[in-house]
Amino acid sequence: MNIKTRKIVGQVLFILFTFYLDGLMKWAFLNNMNHSVVIILPQIMLMAIIMLTMRIDDRRQLIIYGIVFGVMYDSYYYGIIGLYTILLPLVMVGIDHFKFLLVKNNMGYELSVYFLSLTFLQSGIYLLERLLQQTDTNVLNFITYTLGPTLLWNVVVFFILFIPLANLSEWLMKYRRDSK
Amino acid sequence: MQKFFSNKKLIILMILIIVTFGLLAVTVNIRDKKNTPPFVQQVGNDVVSVVGGVFAYPTNAVKNATSEFSDLYNTYSENKRLKSRIGELAQNQAKLEVVQDENKKLKQELKLNGTLTDYTTVNASVLSRSPSSWQSYLTINRGQTSGIKKNMPVMSGKGLIGRVIEVDKISSKVELISTDNELNDKFAAEISGSNNKNITGVVSRYDSSTGDLVMENVNSTKDIKKGQSVITSGLGGLTPRGLYIGKVYGIKKDNYGMTNSVYITPAAELRNFTVVTVIKSSVSGEN
């Protein structure tokens, strides 16, 4: 196995691990079933994917990651295919399109990109589910009880996990610099 | 027209929108109407759940350990209370055995194969919970191969927690009773009163601000007292009779003062459990 394949396997395992972490976090710590006024959704996979998107330049690879993990997320967690499957690649292509504007390796930039993507993703999911009558929550309740707490929690976690995650995704991309 | 089709981005956007809504509509329909998802999705979910088990077992172990730790705090008072119940329990168990035996003989006499109260159980451990606001699903590690079918009720240690909504080969999804979904989370219930009169209704809503289940369409609220226990009534055929849901907390009129809703404190501690029990009703004619 050459170095490139090995790094790609590493990237996939990294995303896969965060994929499971989302569900386990929700199950183990944020399992507010008896008093579910505030709903916090851990989005660590999105964190990993954005870290990688900021560093990978191959758009085709990004779209494949987005679709594969989007389908997995939808099928395993949501039971409805078409939410992450579409929105995740869209987010990734969007970041890839505008990332030439951003300074690499800057926590502030990555945080704001993550913040915007999370808002876009959650709002998109809300709109689609509302359209398909999977929920009857109104917009204000969605912003107050779901979007707000989710953003807050995830931004805090982003601060905590930024250094290890950024280093890991940097390392998972390193072969490009060596080969250049 | 020529110009329209030469715009690549517009076409991509159009295809994206069509694909999105197509996929969503098809999968929602399949989930609501078919008993199992398509084969490819089943296999995919099973593979993901098998690998997920590797991560889930240590998490569940930690979860068990922490809940044991918190149990340790109130062990003394609990022990005292439990000791006083032990004598009662032995007597009840003996009585139960006699009654069950009698029941079996009487059923044979009447040539009854299964009644609403008959069921068998399958234990399963929880792999994860969906990080989603409106699909509050648990993934469990049992599926079709263990005889699980869609719509079977699921209990944790103390009471009802939800219903199976998707079955794959070796894993399934359980929709929790505390979901906002209007379509699925309804259970036919009855309040077991001291007198023989049955009070029936439908547990149809979940009040997220108080954490109470709401029972609607109640036929009479006259004799309901706080603290009475609520069980499934077995009407409708999907759920066997006699699964414990919770205790009556209070009665409220709706906004128009037309109907009464009974608020129920759920018995299942919807937080600290790692194992659930799927109830297989043995009455035929339901799927």
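How many residues does the contact take from chain B and from chain A?

## Interface between the chains

In this predicted model, the contact takes 38 residues from chain B and 35 residues from chain A. On the side of chain B that touches chain A, the elements α2 (8-33), α3 (39-73), β1 and β5 (172-176) of chain B each supply at least two residues. The largest share of that side, 9 residues, comes from α3(B). By residue type, the side of chain B that touches chain A divides into 13 nonpolar, 17 polar and 8 charged residues.

The helix α3(B) also lies across β1 and β2 of chain B, and runs at about 85° to β1(B).

## Chain B overall

Chain B has 4 helices and 12 strands. Its C-alpha atoms fill a box of roughly 85 × 50 × 45 Å along the principal axes. Of the 287 residues in chain B, 34% are buried. Among contacts in chain B between residues at least 6 apart in sequence, 60% join residues at least 24 apart.

## Barrel β1-β2-β5-β4-β3-β12

One closed barrel of chain B has 6 strands in the order β1-β2-β5-β4-β3-β12, with antiparallel pairing. The twist from one strand to the next averages 45°. Within chain B, strand β4 (residues 160-167) pairs with β5(B) in the antiparallel sense over 5 bridges. R163(B) stands opposite E175(B) in β5(B). The strand β5 (172-176) is also among the elements that supply at least two residues to the side of chain B that touches chain A.

## Barrel β6-β7-β8-β11-β10-β9

Another closed barrel of 6 strands in chain B runs β6-β7-β8-β11-β10-β9, again with antiparallel pairing. Direction ignored, neighbouring strands of this sheet are turned by 45° against each other on average. Strand β7 (residues 199-207) of chain B is joined by 5 bridges to strand β8 (residues 212-216) of chain B, and these two run antiparallel. Y206(B) stands opposite L213(B) in β8(B).

Strand β9(B) has antiparallel pairings with two strands. Strand β6 (residues 187-191) of chain B pairs with β9(B) over 3 bridges, and A189(B) has T232(B) in β9(B) as its bridge partner. Strand β10 (residues 244-253) of chain B also pairs with β9(B) over 3 bridges, with S229(B) opposite K247(B) in β10(B). Along β9 (residues 229-232) of chain B the side chains alternate.

Is S132(B) buried or exposed? S132(B) counts as buried because 24 other C-beta atoms lie within 10 Å, and the cut-off for burial is 20 or more. S132(B) is found in the loop between β1 (119-129) and β2 (137-140) of chain B. Leaving aside neighbours within four places in sequence, S132(B) is in contact with L41(A), Y77(A) and Y78(A). Within chain B, S132(B) and A25(B) are 107 residues apart along the chain, and their C-alpha atoms are separated by 19 Å.

T274(B) lies in the loop between β11 (260-266) and β12 (275-281) of chain B. With 19 C-beta neighbours inside 10 Å, T274(B) counts as partly exposed. Leaving aside neighbours within four places in sequence, T274(B) is in contact with N60(B), K63(B), N64(B), S125(B) and V126(B). T274(B) and S128(B) are 146 residues apart in sequence and 9.7 Å apart in space, C-alpha to C-alpha.

For chain A, an unreviewed UniProt entry lists "transmembrane region" at residues 12-30, 36-54, 75-95, 107-128 and 140-166. In the model, residues 12-30 of chain A are 89% helix and 0% strand, with the end C-alpha atoms 26 Å apart. Residues 75-95 of chain A are 76% helix and 0% strand, and the end C-alpha atoms there are 24 Å apart.

The largest nonpolar core has 89 residues, of which M47(A), A48(A), I49(A), V174(B), I245(B) and V276(B) touch the most other members. Helix α2 (residues 44-53) of chain A supplies the largest share of this core, 9 residues. Not counting residues up to four places away in sequence, I49(A) touches I15(A), Y65(A) and M92(A).

Methods: Residues numbered from 1 in each chain as written. Chains lettered and ligands numbered in written order. Predicted model: local features only at pLDDT ≥ 70, side-chain atom pairs only at ≥ 80, totals over all residues. Buried ≥ 20, exposed ≤ 12 C-beta atoms within 10 Å, placed from the backbone. Contact = placed C-beta atoms within 7 Å. Pairing = 2+ DSSP bridges. UniProt positions renumbered as here; feature names shortened; annotations may be inferred. Nonpolar A, V, L, I, M, F, W, Y, C, P; charged D, E, K, R; others polar. Core = buried A, V, L, I, M, F, W, Y, C linked by C-beta atoms within 7 Å. Axes fitted to C-alpha atoms, helices over the stretch in contact; angles between N-to-C directions.
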